[in-house]
Amino acid sequence: MAETDEPQDATPNVSDVEVVDAHSEAEAVAAIDAPVERGEPILQVRNLVKHFPLTQGILFKRQIGAVKAVDGVSFDLYQGETLGIVGESGCGKSTVAKLLMNLERATAGEIFYKGQDITRLSGRALKAVRRNIQMVFQDPYTSLNPRMTVGDIIGEPFDIHPEVAPKGDRRRKVQELLDVVGLNPEYINRYPHQFSGGQRQRIGIARGLALNPEIIICDEPVSALDVSVQAQVINLMERLQDEFNLSYIFIAHDLSIVRHISDRVGVMYLGRIAEIGSDEQIYDHPTHPYTQALLSAVPVPDPEAREHRERIILTGDVPSPANPPSGCRFRTRCWKAQDKCAEEVPLLAIPESFKGSDTPAAHESACHFAEEKDVVHVA
Ligand SMILES: Nc1ncnc2c1ncn2[C@@H]1O[C@H](COP(=O)(O)OP(=O)(O)OP(=O)(O)O)[C@@H](O)[C@H]1O
Ligand code: SF4
Ligand SMILES: [Mg+2]
């Protein structure tokens with residue numbers, strides 16, 4: 001394929017989208033509320049693009065370019081699974097999350113939720129999607145309004161969706177949610193500053209659960225917490241996933257945390273997915289040089305394993321998403337880069353050399369020269 005600024009083609013092993021042809025709003029709402037079998041795709045993201053315009057001038061603003069924050073991202077989320085998304089700061093993780101939440105409008109691409117493209121929905125159908133897809137944010141210190149009681153914070157979504165908890169039933173419902181996330185229901189009248197970081201994140205999770213969603217998008221939900229508290233919150237999230245049949249998108253930059261909770265992992269670099277596969281495929285059989293470099297930097301507790309691992313130090317800064325390199329975006333930092341890497345965009349696909357084989361290395365990797373490298377396994 002010739003070098004192009006166009007987003008990547010749909011990846012070969014994302015599932016076919018069964019578009020639900022809803023003619024009326026009522027049909028769309030019915031499709032959105034219909035259950036999905038465990039293991040079936042619940043969210044199908046196709047060639048998602050978000051470009052933020054770069055403007056110049058104070059009075060007469062003119063566009064001089066664009067920050068290509070997300071530039072052709074495709075993946076599926078299956079019912080009941082956790083899909084981890086990892087990558088360095090600025091690679092576009094939070095922008096993907098905001099697009100999925102409809103908090104940002106996509107420049108191009110589609111997001112199918114149960115066969116309905118949510119980038120085109122409005123009215124009752126969009127409201128139904130918003131109820132079913134919730135978010136838990138990174139910072140439990142700033143994401144909770146300090147002037148609201150915990151009861152008001154957790155119960156606020158009921159103002160928009162009173163059908164989930166009628167007025168007279170709200171207090172009981174909020175106390176039930178506090179109990180579910182391991183907080184004392186009697187704390188309902190306390191304020192956020194009266195809680196620890198871990199407890200505040202539990203409040204954020206309770207709020208995320210309030211409308212009985214099917215998908216929760218977690219944007220760095222434990223990054224601001226102490227390591228010991230991180231494990232407790234992760235364990236809580238795993239328990240809630242089983243209890244409420246939830247599907248998670250779990251965004252983080254810490255590869256070891258993502259492995260702990262994820263069934264599959266997508267590695268992002270400069271607005272695109274570099275490699276995606278099951279946790280075993282990504283952690284034990286990575287084929288993309290960027291994933292290999294990230295894994296080589298993960299702390300290894302075992303001193304002997306640490307001694308034998310090869311540390312790959314990436315040189316150079318991450319290029320600006322306003323002016324990404326031609327061809328492979330990772331080429332300016334890749335030790336394997338060749339002429340082809342500057343000329344042709346590598347598609348996210350199972351590499352030819354692994355096609356048809358049952359090795360765990362046979363998973364999608366956007367590299368012209370994808371091959372396994374013995375990187376020390378993460379515990
Ligand atoms: N509203 C905006 N206007 C302009 N540029 C933006 C906007 N939001 C994000 N960006 C840019 O888009 C790119 C991706 O940002 P994003 O926040 O999605 O990255 P991230 O992977 O979540 O990073 P981090 O790990 O630091 O949270 C960055 O270069 C960022 O500066
Ligand atoms: S396509 Fe080339 S530059 Fe990109 S990761 Fe592969 S070898 Fe490196
Ligand atoms: Mg972010």
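Two residues are in contact if their C-beta atoms, placed from the backbone, lie within 7 Å; keep that cut-off at hand for the tour. The model is predicted, so to speak of local features we need pLDDT of at least 70, and side-chain atom pairs count only at pLDDT 80 or more, while totals for chains, interfaces and linings use all residues. Residues are numbered from 1 along each chain as its sequence is written, with chains lettered from A and ligands numbered from 1 in the order in which they are written.

**Colour by confidence**

Start with pLDDT, the predictor's confidence in each residue, from 0 to 100. The protein has a mean of 91, and 95% of its residues reach 70 or more. Select residues 1-12, where pLDDT stays under 50. Where pLDDT is low, the predicted coordinates should not be read in detail.

**Select helix α11**

Now pick residues 289-296, helix α11. Helices (H or I, at least four residues) and strands (E, at least two) are DSSP runs, numbered from the N terminus. How many residues of α11 are buried? The count is 7 of its 8, where buried means that 20 or more other C-beta atoms, placed from the backbone, lie within 10 Å of the residue's own. Among them are P289, Y290 and T291. Show α9 (255-261), β9 (264-269), β10 (272-278) and α10 (279-284) next, as the cover over these buried residues includes them.

**Step to β10**

Strand β10 is mostly covered too, with 6 of its 7 residues buried. β10 pairs with β9 in the antiparallel sense over 6 bridges; strands pair if DSSP finds at least two bridges between them. Their hairpin has 2 residues between the strands, and L270 in the turn has a positive phi of about 45°.

Then select I273, whose contacts, leaving aside neighbours within four places in sequence, include V73, F75 and L348. I273 is also among the residues with the most contacts inside the largest nonpolar core, which has 90 residues. Such a core is a set of buried Ala, Val, Leu, Ile, Met, Phe, Trp, Tyr and Cys residues joined through C-beta atoms within 7 Å.

**Finish at the ligands**

Around ligand 1 there are 13 residues (C-beta atom, placed from the backbone, within 6 Å of the ligand), and F52, A69, S89, S94 and T95 come nearest. α2 gives the most to this shell, with 3 residues. For ligand 2, zoom in on C328, R331, C334, C341 and C367, the closest of its 13 surrounding residues.

Notes
Buried ≥ 20, exposed ≤ 12 C-beta atoms within 10 Å, placed from the backbone.
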